[in-house]
Amino acid sequence: MHPEQEHFAFLAKGEFMLQRSRSSGAFIYYPRVAEPRTGATDLEWVAASGLGTVYSTTVIRQKPPKADYNLALIDLAEGPRMMSRVEGLAPQEVKIGMAVRAKIIREEDKPVIVFEPAI
Amino acid sequence: MPSSRHKPDAFPSGRSAIVGAATFGMGSAPGFNNFDLAAHASIKALAQAGLTAKEVDGLAIVVMDETMSALNFAEYLGIQPRFVDNTRTGGSSFQLHAAAAALALDAGQCDVVLIAYGSDQRSAAGKLISSSRPSPWEAPYKPLRPISSYAMAAARHMHQYGTTKRQLGEVAIAARKWARLNPDATVREELTMEGYLGARMVADPFNVRDCCLVTDGAAAVVMVREELARELNPGAAYVLGAAHETTHREIAQMPDLTVTGTAAAARRAFSQAKVTAKDFDVVELYDAFTINTILFLEDMGFCPRGEGGRFISDGAIAPGGSLPVNTNGGSLSCVHPGMYGLFTMVEAAQQIMGVCGERQVAGVELALSHGNGGELSSEAVLVLGSAAAARSR
């Protein structure tokens, strides 16, 4: 398994995939060759539910005309935490505890996982 | 783990000491490179103990932009050390160096260890120089590293414990009050709560006054075994405990943004030194951001978990308060040349030596030097004590 390569290949096809250890059932993100702590290499790719909760959030302030933007840590429903941002509302309106859902957008010609409020 | 694999912590408490501790080029020092600055600080620190470079046979140094820095600096000083360390954990590197130096000295691997740092980042770059590759898991989101990581720790602490923006401001104001007593501090103008609250926002909840300075500067300490320390400097600062803990590299992988590795490091270092939080006369923390001071005081047990914001309020850590914290003005107001860890060690040692002038805390027997590296990633605690404190343990 080539974790980083395969993850971004899935993403290019519009798929947000997580690794899971067959023995422990635990999900892993970011992708690696072995499960953290156990070192188990029995990893398989599983589609992420895309659901998550905002663990923390900040607004990165910029000098106008550049726009302020959100940066957030998202606790995925499957367990792991990832860095991302929440779109679809003003960056300062993103709150800790907010339920969010992943979507894949293209930015600078690359697929990127971002989140929006899960109403 | 089976007990046969575990050996109790046998840190050589009190068997080595800092006999020289100096800074150089604090704030702005144009025209010097990193090693020039480190050399100036080193020569000053060695001279305090009546030593010169040729007596140094153990050398530890990191700089922002040279991974084999111990080799460069040995060459610069014209020495051939038999112990070197350029372990890089960011700002905590120097506490790790001191811990390793204590072991190496105790094992007779060397006799005189110089730990040094220098940076021209303000004059050369004008901003924090990155020593890391961009992460594919972070780069698409354009984090403002390291500020945004600490900002999210602050946001989380405020959410969980009700810590307020004004309490973050109290940390910045206390640091500034100490800096006003330190002629070497970079920024010494008065900072009011109104001035703090009105500062330019950078990454919520942080404004520029929540963030460390970008300066030049250098520091150095000299460590020897206790026998030589008694001979060289009656004011020496003995290394009573030294421990560190690594928890993650990227902020998304930090288990809990309100609990740092400082907690585990302090438990071990305090146990080695046979001290508790209430025994300390001064505490020198790695305050790269205002939230750090609150997190680390909680981690080390100076106040209950979640109470840090209330604990530091009403001038408790400012001059004249109940607990002197960051008596040089910290990295918020004194100096922050890319990595700050060695400056907490210099200040803690100098407070024990009693050479801090107007900011000197009376009768310092026990001082804490803390290091923080990465993004709350590598945390280190050194317990330093006077000769009397070392004898009584």
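Here are legends for a handful of close-up views of a predicted two-chain model.

Local features are taken where pLDDT is at least 70, side-chain atom pairs count only at pLDDT 80 or more, and totals for chains, interfaces and linings use all residues. Residues are numbered from 1 along each chain as its sequence is written, while chains are lettered from A and ligands numbered from 1 in the order in which they are written.

**View 1. Chain A at a glance.**
Chain A holds 1 helix and 8 strands; helices (H or I, at least four residues) and strands (E, at least two) are DSSP runs, numbered from the N terminus. Starting at the N terminus, the order of elements is α-β-β-β-β-β-β-β-β. The C-alpha trace spans about 50 × 30 × 25 Å along its principal axes. Of the 119 residues of chain A, 30% are buried. A residue gets that label if 20 or more other C-beta atoms lie within 10 Å of its own, it is exposed if 12 or fewer do, and partly exposed in between, with C-beta atoms placed from the backbone. Now take contacts, meaning residue pairs whose C-beta atoms, placed from the backbone, lie within 7 Å. Among those in chain A between residues at least 6 apart in sequence, 49% link residues at least 24 apart.

**View 2. The three-stranded sheet of chain A.**
Strands of a sheet pair through backbone hydrogen bonds, either parallel or antiparallel. Here, pairing is called when DSSP finds at least two bridges between two strands. This open sheet of chain A has 3 strands in the order β2-β1-β3, paired antiparallel. β2 (27-28) and β3 (43-47) of chain A sit at the edges with a single partner strand each, so one side of each has no neighbour in the sheet. Between β1 (residues 17-21) of chain A and β3(A) there are 5 bridges, and A:Ser21 is found opposite A:Leu43.

**View 3. Where chain A meets chain B.**
At this interface, 20 residues of chain A are in contact with 19 residues of chain B. On chain A's side, the elements giving two or more residues are β4 (51-60), β5 (69-76), β6 (81-84) and β8 (110-117). β4(A) supplies the largest share, 5 residues. By class, chain A's side has 9 nonpolar, 5 polar and 6 charged residues. Ala, Val, Leu, Ile, Met, Phe, Trp, Tyr, Cys and Pro count as nonpolar, Asp, Glu, Lys and Arg as charged, and the others, Gly among them, as polar.

**View 4. The nine-stranded sheet of chain B.**
Chain B has an open sheet of 9 strands with mixed pairing, in the order β3-β2-β4-β7-β1-β8-β11-β10-β9. β3 (83-85) and β9 of chain B are the edge strands, each with a single partner, so one side of each lacks a neighbour in the sheet. On average, neighbouring strands are turned by 20 degrees against each other, direction ignored.

**View 5. Strand β10 of chain B, wrapped on both faces.**
Is β10(B) buried or exposed? In this strand (residues 366-373), 8 of the 8 residues are buried, so the rest of the structure largely encloses it. One face carries B:Leu366, B:Leu368, B:His370 and B:Asn372, the other B:Ala367, B:Ser369, B:Gly371 and B:Gly373. β9 (residues 282-284) of chain B runs parallel to β10(B), joined by 3 bridges, and B:Val283 stands opposite B:Leu368. β11 (residues 378-385) of chain B pairs antiparallel with β10(B) over 8 bridges, B:Val381 being the partner of B:His370. The hairpin of β10(B) and β11(B) has 4 residues between the strands, and B:Gly374 takes a positive phi near 70 degrees there.

**View 6. Two helices crossing in chain B.**
The axes of α5 (residues 147-161) and α10 (residues 290-299) of chain B come within 9 Å and cross at roughly 55 degrees. That makes α5(B) oblique to α10(B); angles under 35 degrees count as roughly parallel, over 145 as roughly antiparallel, 65 to 115 as roughly perpendicular and the rest as oblique. From α5(B), the contact uses B:Tyr150, B:Ala153, B:Ala154 and B:His157, and from α10(B), B:Ile291, B:Ile294 and B:Leu295. This contact has 6 nonpolar residues, 1 polar and no charged ones.

Notes:
Axes are lines fitted to C-alpha atoms, for helices over the stretch in contact, and angles run from 0 to 180 degrees between N-to-C directions.
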